[in-house]
Amino acid sequence: MSADNGLLIAGIHKSFGAVPVLRDVTLAVPSGEFHTLLGPSGSGKTTLLRIVAGFTPADAGQVTLAGADITDTLPEHRNIGVVFQNYALFPHMTVSENIAFGLRMRGIARPERAERVEAVLRLVRMTGLGHRRPANLSGGQQQRVALARALVIKPQLLLLDEPLSALDRKVRQEVREELKRIQAETGVTTVMVTHDQEEALFLADRVLVLEAGAVRQAGAPAEIYRNPADAFVAGFLGAINRLDAVVEEGGRIRVGKQTMTPAGELASVLAGAGRLGPVALAVRPEQMTVTPGYGQRPADALGGWLIAAEFGGPVVTVRVEVEGQALAILCLSPDILASGPWTPGMPVWVRIREARLL
Amino acid sequence: MRKASRRRPLREAEAISPAMMVLGLSLVILFVPLVIIILLSFNTSPYGTLPFQGTLKWYAALFTDSGLLGPTWLSLQLSCLVAVSAAVLGTLAAIWLDRRASRIWGTLFRVALLSAITVPWLILGLAMLLVMNAIGIGRSLFAIYLGLLATTLPYVVFIVAARLHTLDPDLDHAARSLGAGAITTFLRISVPLIIPSILSGTLISFMVSFNNFLIQYFLAPFGVQTLPLKIYTLIRVGYLPDLNALGTLIVGVTCIVIAVLHRLGLRHAGLPGGSTL
């Protein structure tokens, strides 16, 4: 992985007073990639972004962009485009003036300025709205202007600070797709900060999970989703069930009084781990299936009771109890509707397709 | 829901009506004397007696031999100087207060400024006289200038600092990341956004220093008469309606200035006569 044209952050430390905010954070963003910093509030992700942008000095460590050490460079000399959480559009300027600001600061002549503003307005699909004031735009439109303003200076790096959090759900999905398209079209190296795991997984080539100022795990979205390094990452990336079980000889699992022989992925996970005795299984809701539990219990299933079936449109969350442990199982609604009726208290069979040993 | 929300404003209006009456009464007390002065400035009788006979002779007298023009001119010059100084220094102080001051120094500074507003001008004027004498400036025009500046500065600082406080610090960050240096960012981003507040503070400073009789009374050297001091002398010896003419002109000019500022869109800047007052 070469990052000579991208961003390198090495050994960053930062404290506010006696409180450490970042501890020895190191990461590399190769040129053209889209990385997200994912973490709960207070994890230090925004501080890291501000250090990269040059708004806050780091206590120790080094920031390198395109081969140049910019650790002590003033923000105006870094050539980094920043999109802020609340957009920070200049309220006394029109959309065009906002976008042209960075070009004016670079001494670019008026005709070229107008041309580039037009081009970037087209890129973010805001053609014809250049004369408006930010106050007369919707949240989604302001977001696009902020993005255009950051992109028009052809930055070597684009930083996005929770860019979608101020938008309502429907607009957020729309802008999210736009963001992915625009990043792909411009090929700009991008780092986005977010606390929304769905956003991070959807947008990024690589996700960095931060907690309490330290990197907990870094990797491709599917990789860290399926193989979380620890319980924190597992829980933060999405809902997860914890099932206490005992691994026995012959690849069998005992939960309470029931013993089952898992099939498929879980069997190879168990064989690979080579552990015997008590374990905790981390199982995502979509890694299990559930069927009505009448007749003889199959060898690859656990028996339990239905607590509730919660209809959520395309998916149904089925809550069951297995040997005193509550599990949430996510199913596609046509599957559930076809195999119903489902009444609370009825017996069910639960099959585990995939899990991680914690 | 809809029914309730339609009825609420009505009930609020009813609840307000005694307050509205008090407000109306205050406005009457405020405006009736103004109207009387304006009317009397056009009346022939020097003693304010009726019947009303229209004339402009008091305006003519004002500009020929009233002795009022000199003090008015002095007051205007002095107040302009004070207002501009207060605007510049007050804005700088507000920036320091909002961006740079530590918690302790910021609080001390605020308390000091607040005391300049809350301590009665009578006491403030006396204290200033003592200080001016002690440091050798004594009663002089410069002493008046300093005294008025000290009394008007807090208005500018508080108005501008309040506005600065509402500005998103990310506006500065955005400008910096787009390539603007610290000074350019201040001039292109911060100043345009706080200019209405600076103007508003300047206007208030002008009016406070133009009107401030007590500070001027304590600090004026013998023989120097600002307008408030001149008026004070006149009402002790008896005055002619040319003073009414001057009052009418001042009211007129004030109204025009506020109307112009309103037209300039400074309605929301905390301006006297703006929507916030």
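1. Chain A carries 37 positive and 36 negative side chains, and the centres of the two sets lie 4 Å apart. Here Lys and Arg count as positive and Asp and Glu as negative, while His and the chain ends are not counted; each charge is placed at NZ of Lys, CZ of Arg, CG of Asp or CD of Glu.

2. Before going on, a word on what you are looking at. This is a predicted model, in which local features need pLDDT of at least 70 and side-chain atom pairs count only at pLDDT 80 or more, whereas totals for chains, interfaces and linings use all residues. Residues are numbered from 1 along each chain as its sequence is written, chains are lettered from A and ligands numbered from 1 in the order in which they are written, and side-chain values use heavy atoms, with hydrogens and water left out.

3. Now the overall picture. Along the principal axes, the C-alpha atoms of chain A fill a box of roughly 80 × 45 × 35 Å. Of its 358 residues, 49% count as buried, that is, under 20% relative accessible area with a 1.4 Å probe, protein chains only. Chain A has 10 helices and 20 strands, taken as DSSP runs (H or I, at least four residues, for helices; E, at least two, for strands) and numbered from the N terminus.

4. One open sheet has 4 strands in the order β2-β1-β4-β5 (chain A), with antiparallel pairing; strands pair if DSSP finds at least two bridges between them. β2 (19–29) and β5 (68–69) of chain A are at the edges with a single partner strand each, so one side of each has no neighbour in the sheet. Strand β4 (residues 60–65) of chain A is joined to β5(A) over 2 bridges, and L65(A) has A68(A) as its bridge partner.

5. What lies across β1 (7–16), β2 and β4 of chain A? Helix α1 (residues 45–53) of chain A does, running at about 120 degrees to β1(A). The angle is taken between N-to-C directions, from 0 to 180 degrees, using lines fitted to C-alpha atoms.

6. Elsewhere, strand β3 (residues 34–38) of chain A runs parallel to strand β9 (residues 206–211) of chain A, joined by 4 bridges. H35(A) stands opposite R206(A) in this pair.

7. β9(A) also runs antiparallel to strand β10 (residues 214–219) of chain A, through 5 bridges, with L208(A) opposite A218(A). Their hairpin has 2 residues between the strands, and A212(A) takes a positive phi near 50 degrees there.

Note on methods. Buried < 20%, exposed > 50% of the residue type's maximum accessible area, 1.4 Å probe, protein only. Contact = heavy atoms within 4.5 Å.
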